[in-house]
Amino acid sequence: MIFGGLALIAYLVAIDGLRGFIVVALPAGVLGLVVNRWLCRCWLVAQRRHGKMSNRVVLVGSESSISRTASDLRRAPSAGLHVVGACTASGKVADEIPGLPGIPVSGSLDRLVDALTATRADTVVITSANELSAEAVRELSWRLEPGRQHLIVAPSL
């Protein structure tokens with residue numbers, strides 16, 4: 001805002017020193033902004049690799065899509081999504097997702113809110129569209145606590 005105001009004043013008033021300042025300040029400001037964003041991103045990725053600054057996620061969908069999404073998220077800790085549970089359309093309750101230890105399956109989609117509470121999750125990721133209609137996704141989004149729980153729809157949909 002300050003830079004924009006000074007640039008406008010320099011253009012309108014034609015003050016000699018301000019034009020030189022703008023020629024130097026614009027590239028320096030852009031470079032500083034890019035470097036600052038890069039450093040912040042590096043810090044955030046490092047925090048996420050240590051398990052901090054991440055969202056606790058419950059996956060929703062078919063067993064195969066949950067398994068695929070969970071393994072993708074485990075390979076990318078910098079995404080900031082730590083899988084803590086799952087709900088399947090089949091309603092099966094299990095100690096873990098087949099092939100992915102440590103991720104309990106809480107049962108059907110009707111138990112999703114209970115699963116969020118039990119796992120202290122703050123994010124729901126919908127991994128496949130076959131189990132949920134558009135109306136069901138809308139109703140699910142309404143059941144989540146505003147500002148505390150989030151809904152992500154996997155881009156593969």
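Start with the strands. β1 and β5 pair in parallel, over four bridges. Pairing here means that DSSP finds at least two bridges between two strands. Strands are DSSP runs of E, at least two residues, and helices are runs of H or I, at least four, numbered from the N terminus.

A word on the source. This is a predicted model, where local features need pLDDT of at least 70, side-chain atom pairs count only at pLDDT 80 or more, and totals for chains, interfaces and linings use all residues. Residues are numbered from 1 along each chain as its sequence is written, and side-chain values use heavy atoms, with hydrogens and water left out.

Back to β5. Which residue there is the bridge partner of V60? I126 is. I126 also stands opposite V153 in β6. From β5 the chain crosses through helix α5, residues 134-143, to β6, and this β-α-β crossover is right-handed. That is, with the strands pointing away from the viewer, the path from the first strand over the helix to the second runs clockwise. β5 and β6, residues 150-153, pair in the parallel sense, over four bridges.

Are the faces of β5 covered or open? Both are covered: T123 and V125 on one side, V124 and I126 on the other, all buried. Buried means under 20% relative accessible area, exposed over 50%, partly exposed in between, with a 1.4 Å probe and protein chains only.

Now the loops. Most residues other than glycine have a negative phi. M53 has a positive phi of about 55°. M53 sits between α2 (16-49) and β1 (55-61). R120 also has a positive phi of about 55°. R120 is in the loop between α4 (112-119) and β5 (123-126). R120 counts as exposed because its relative accessibility is 60%.
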